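Good morning. Please look at the sequence and the structure on the next slide, and I will walk through them.

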Amino acid sequence: TITGNTIGSATATDYVTFRGLLVSQTNNAVIRQNTVFNMITTEAIVLRAMEFGAGVTNTEIARNLIYNIEYVGTGFRAGQGISVTTTNPANITIANNVIYGLKGHGSGTMTNNSLGIAVLGGGGYNIYFNSVNISDNRTTTARSDLHAAMYIASGVTNINMRNNAFSMTALPGNLTTGKTYGIYCLSANTA
């Protein structure tokens, strides 16, 4: 159980600059009521407030507050909220989280852009009652950047997604070929 933690700082020299929370190879985890904020860097990396990788099963990710995850450089990266990729069936519930203030410089690689909740692989996800707001315009870029409040990668299966509020009012970094989405899904409509 990881509950009630504050990860981040108001002091620039103390910013977390890679992952706020990285979890893998766990069963029956509860990640609840944590705050991850002010992850700000110019290093050419994708900042993720919370990342759940291989071997995570039967897990609840709920009631977390994530904000000001910002890539402020020009190396085609961006801040991301919650990222999950695991096996099927994962039985992971992502519920009642609040995510905002994801910023970055657009990239032609989808997973390098601003993504509020990113389901990158596997299956067996329940995604309920989350609020994601991406309102700040992306940094100008020559790349065809794509950003999304909710992103589902190709091949993901068994998603039950209900009653979420996804708001994407930001403009892409490339106003000609870039795009922003509330939900961007590359998986089959039967997922």
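When I say that one residue touches another, I mean a contact, with heavy atoms within 4.5 Å. With that in hand, take F52: leaving aside residues up to four places away in sequence, F52 touches L21, V23, I31, I61, I82, S83, V84 and T85. Please keep in mind that this is a predicted model.

Now the chain as a whole. The secondary structure consists of 20 strands and zero helices. The C-alpha trace spans about 40 × 40 × 25 Å along its principal axes. For 191 residues, a compact globule would have a radius of gyration near 16 Å, and the 15 Å of this chain agrees with that. Of the 191 residues, 52% are buried. Among contacts with a separation of 6 or more, 81% are between residues 24 or more positions apart.

Which order do the strands of the open sheet of six follow? The order is 1-5-9-12-15-18, and the pairing is parallel. Strand 1 (2–3) and strand 18 (157–162) are at the edges with a single partner strand each, so one side of each has no neighbour in the sheet. The partner of strand 1 in this sheet is strand 5 (residues 30–32), paired in the parallel sense over two bridges. Within that pairing, I2 stands opposite I31 of strand 5. I31 is also one of the residues that F52 touches.

Strand 3 (residues 19–23) and strand 7 (residues 47–52) also run parallel, joined by four bridges. V23 has F52 of strand 7 as its bridge partner. Four of the five residues of strand 3 are buried, so the rest of the structure largely encloses this strand.

Last, the charged side chains. Side chains of opposite charge can pair when their charged atoms come close. How many salt bridges does the model have? The count is five.

One network of salt bridges links R19, R48 and E51.

K103 takes part in a salt bridge with E70, at 3.8 Å from N to O. E70 is in strand 10 (residues 65–71) and K103 in strand 13 (residues 98–103), so this pair ties together parts that are 33 residues apart in sequence. E70 counts as buried, at 11% relative accessibility, while K103 is partly exposed, with a relative accessible area of 28%.

K103 forms a salt bridge with D136 as well, and the closest N and O atoms there are 3.8 Å apart. D136 lies in the loop between strand 16 (131–134) and strand 17 (146–152), so its pairing with K103 in strand 13 ties together parts that are 33 residues apart in sequence. D136 counts as partly exposed, at 29% relative accessibility.

That is the end of the tour.

Conventions:
Residues numbered from 1 in each chain as written. Predicted model: local features only at pLDDT ≥ 70, side-chain atom pairs only at ≥ 80, totals over all residues. Heavy atoms only, no water. Salt bridge = Lys/Arg side-chain N within 4 Å of Asp/Glu carboxyl O. Buried < 20%, exposed > 50% of the residue type's maximum accessible area, 1.4 Å probe, protein only. Pairing = 2+ DSSP bridges. Rg over C-alpha atoms; globule rule 2.2 N^0.38 Å.
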